[in-house]
Amino acid sequence: MEKILLRPFYFFLLMAAAAAAGGGGGGGGTDPISYALLSLKFEFVDDSNSLNDWVISSASGADRPAGKIYACSWTGIRCSDNSSKFVSLDLSMKNLGGSLSGKQFGLFSDLVDLNLSHNSFSGQLPAGVFNLTNLESLDISRNNFSGGFPSGIPRLRSLVVLDAFSNSFAGNLPADVSQVESLKVLNFAGSYFSGPIPLEYGSFKSLEFIHLAGNFLGGGIPPELGNLRFLSHMEIGYNSYEGEIPWQFGNMSDLQYLDIADANISGQIPKQLSNLTKLESLFLFKNQLTGKLPPELSKISSLKSLDLSDNLISGEIPESFSELKNLTLLSLMYNELSGPVPPSIANLPNLDTLLIWNNYFTGSLPQNLGRNSKLQHVDVSTNFFSGNIPPEICSGGGLLKLILFSNNFTGGLSPSLSNCSSLIRLRIEDNSFSGEISLRFSNLPFISYVDLSRNKFTGGIPSDIAQASFLEYFNVSDNQELGGEIPLKTWSLPNLRNFSMESCGISGNIPPFEPCKSVSVLELRTNNLTGGIPLTVSNCKQLLKMDLAENNLNGSIPVELATLPVLTELDISHNGFFGPIEGVFGNSPSLKLLNVSYNDISGPIPSTKTFEKMDITAFLGNPKLCGPPLRPCKNGISSELEIGSRRAQKLAWILVLCAVTILFVTGSVFVILHLRRRSNKGQWKMVSFSGLPQFTAKDVLRSFNYTEQDSFGKVVLPTGITVSIKKIEWGSNETEIRLQNFMRIGNVRHENLMRLLGVCYNNRFAYLLYEHLPNGSLADTITIRRDWGSKCRIVIGVAKALCFLHHGCYPAIPHGNLEAKNVLFDEKTEPRLAEYGLHSVAEPSQSPLLVKSRKETGGFGAPLIRDELCMDVYNFGELVLEILSNGRVASASEIMETSKLDSFVREVADNSFKEEVNSVIEVVLLCTRSRPFERPSMQEALKLLSGLKSVKNGNACKA
């Protein structure tokens, strides 16, 4: 007999029909609702077995009263009091997945509440959900539903809450949802909806909450939204609109929360917003808003949070802002505001956060700042403030962070800071503070970060610094008359990681390192320290960098330093150290630089790979030191060339005379040709950057045939240093502007950037001298199959390099030509980005490096820079695809279709890394959006990639 196979849904329907037919008596058969729920369960992926009680026992029908629903006792099921109606299905946070057919929903006609949130459901949302005509709440948030949002929602005439937050819906927002007159909560945030906000959204009858942020919405913001008179909460930011904030928004009289941040809106802030008398939070940061701050905003007496940061707003802070008595947050940072801060701002009784950094403010801070409010966070850095620190800045007893760096403050530290027990972070560097450092660390139990550098302090550092048990970072560098000694127990601080005291005039010995639990960076350069390095330095197991250069230290180099497991950089140059460099330093697992220059070091330099990679400049100024890269060490046996025979000496003189004659003739010809060329090309000149000895142009040019050298080539310079050289041509009238670009590029240093060491040039040509990287380029090895961890390391390395160029250089440096051939590998096969900024050098008239961005702080105000940076982001996305696919796929358009995307994911890595591959591809798709303003910044892209478990510390956008 032939077998008949039924799909699970139809099987359960047949069972449900049989149950209904057999249940007419006093208690037989199981109800159709329960069988339909079992059918629904069959579609779920339930790896956690969360619904293990969704079963029907064989004896269930016997005990079930007629008309009762058996499933009422199951997880997530709620029924009416008499168990006759199925009214709620709550499967939130059950770790469920799969796609839904929706065919069962037709049986759930009494359902009022459906909650599928915080799961992993995927595929399209079934239109069958709109057959639940009694539904009042539909929560499908935090899933992965995709495709267009289905039509038919007006059938849910009783719906009050629709929450679809954080899914993968695409296409236009559904306009027909506006027909649901009962709707009060609408949340479509965090998907991929595009197009404009439908005009119909202004016709909701009862809407109180709307959240559309974090999509790809564009177009103008509809003025019709101003008709939503009952709306109390609106979030529509993190999109990319066009135009201004509609003045009609001032008509939403019940509005309490308005967020249009990071939305590309422009124009001025409408003064009509002052009609929003119930508004408590106004967030308009990271836009292109211009004009002045509307004084009328002071009429919003209920306002608690005002964030207008990262715009182009100018003028002064209105005096009327002092009327905002409920204000707790005032953030105006990163604008173009100027003038003094109104003294009345200090009278705001609830103000706890004042962020006005990176503007053009002048004058003194209000002298009563802190007296009348409980300030917690104050950041006024990078302005033109003068005067002293307000004396009662910490009177409220809750000050956590005080950030005043890069201003013109003078005077001493405020006495109230000495007893500010709540203080965690103090940054006042780059000012003109003077007098003693009056901090009392015994009264600062939670202080963790102190930067007092680049001031005029005197009197040494406080002797009780060892009582700051939470202190992690301490920097007093460039206080040249500070003086004093390093307190004895400084290194015993249990959390201290960075201690910087350069150019402070300190004297005495370096205290013993007992204990030295966490110190990783120790910078004591350019002082008057004496004695030797304590042998207890062996306790500093976390030490990464020690800089003791330019002191009066002496003694031998302790071998204990060679045993430190993570020490990378040790600079003891310009001291009085003597004796040999012990061979154990060559076995250090992490050492990259040992600078012993200008001491009295003797003997041979250890001949290991560790020292072979170091530059000659690390060993100069030690007459008794020998071995590569210095002169060879003598072995005690006189060579034949040194002694020789008389016959050999006579022969040598004859050869010398012949050589001189030949050289004279050749030289004469060369001089004539050179003078001809010189009239056209000018003299050769040389600029050296950090890491290259002060070669002359002649030293460099004699190392290779510069008349034939082209593109990249490997060249060995006179001292034996190997560099890569690239040739560039230019016009004689462009030399100065190009050199400006080279000076910027040459001073850029990052672990994932190929260093520019020098430039040899005349009026026609330039040879760029780069560090030589021995392991080729990504283009050479793109087809090699790498494991997932190796691919991640390359992607993160390139991302960190680009992020530093875009966000760590001021103004930003676009790469301009990001492709596989410009990703090189060093001796550890770590990726290094090459040829950055050269696109700008090639076209000096359009050079983004020479277009000053807004306030030269890395802001992307200059359109030319912004376009270049956006193109870098796009090219980064394409490059990542090449890395993932071993060069097979180079364009995002090749994998856009779902089927192709799934196949691509399987091809890149095995299932154990599927989630990470998907995360990287999401970043690729963001970076390769067709509209430049929709692409993330490299800082944002790196942050998205930082969650990869296969790579540690992936979010460091720093040098």
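Me: Is Ile424 buried, partly exposed or exposed?
Reply: Happy to start there, and keep in mind that this is a predicted model. Ile424 sits in the loop between α4 and β29. Buried would need under 20% relative accessible area and exposed over 50%. Ile424 has a relative accessible area of 31%, so the word for this residue is partly exposed.

Me: Which residues gather in the patch of positive charge on the surface?
Reply: Like charges are joined within 9 Å when a patch is built. One member is Lys592, found in the loop between β41 (576–579) and β42 (593–595). The residues that gather there are Lys592, Lys609, Lys613 and Lys828.

Me: Is Lys592 buried or exposed?
Reply: The cut-off for exposed is over 50% relative accessible area. Lys592 has 54% relative accessibility, so Lys592 counts as exposed.

Me: Is the disulfide of Cys72 and Cys79 left-handed or right-handed?
Reply: Both of these cysteines, Cys72 and Cys79, are buried. The torsion about their S-S bond is about -100°, so this disulfide is left-handed.

Me: What is the handedness of the disulfide between Cys394 and Cys420?
Reply: Cys394 is joined to Cys420 with S to S 1.9 Å. Both Cys394 and Cys420 are buried. The torsion about this S-S bond is about 75°, so the disulfide is right-handed.

Me: How many residues apart in sequence are the parts that Cys394 and Cys420 tie together?
Reply: The disulfide joins Cys394 to Cys420. Cys394 belongs to the loop between β26 (384–387) and β27 (401–403), while Cys420 belongs to the loop between α4 (415–418) and β29 (425–427), so the separation of the parts tied together is 26 residues.

Me: Is the disulfide of Cys516 and Cys540 left-handed or right-handed?
Reply: The sulfur atoms of Cys516 and Cys540 are 2.2 Å apart, and the two form a disulfide. This pair links distant parts of the chain, 24 residues apart: Cys516 is in the loop between β35 (507–509) and β36 (521–523), and Cys540 in the loop between β37 (528–531) and β38 (545–547). The torsion about the S-S bond is about 110°, so the disulfide is right-handed.

Me: What distance separates the C-alpha atoms of Asn479 and Phe457?
Reply: Asn479 lies in the loop between β33 (473–475) and β34 (498–500). With 1% relative accessibility, Asn479 counts as buried. Asn479 and Phe457 are 22 residues apart along the chain, and the distance between their C-alpha atoms is 5.7 Å.

How values were computed
Residues numbered from 1 in each chain as written. Predicted model: local features only at pLDDT ≥ 70, side-chain atom pairs only at ≥ 80, totals over all residues. Heavy atoms only, no water. Patch = residues over 30% accessible without salt bridge, like charges linked within 9 Å, V, L, I, M, F, W, Y side chains within 5 Å. Areas by Shrake-Rupley, 256 points an atom, 1.4 Å probe, with all protein chains shown as cover. Salt bridge = Lys/Arg side-chain N within 4 Å of Asp/Glu carboxyl O. Lys, Arg positive; Asp, Glu negative; His and termini not counted. Charge placed at Lys NZ, Arg CZ, Asp CG, Glu CD. Helix = DSSP H or I, 4+ residues; strand = E, 2+ residues; numbered from the N terminus. Buried < 20%, exposed > 50% of the residue type's maximum accessible area, 1.4 Å probe, protein only. Disulfide = S-S within 2.5 Å.
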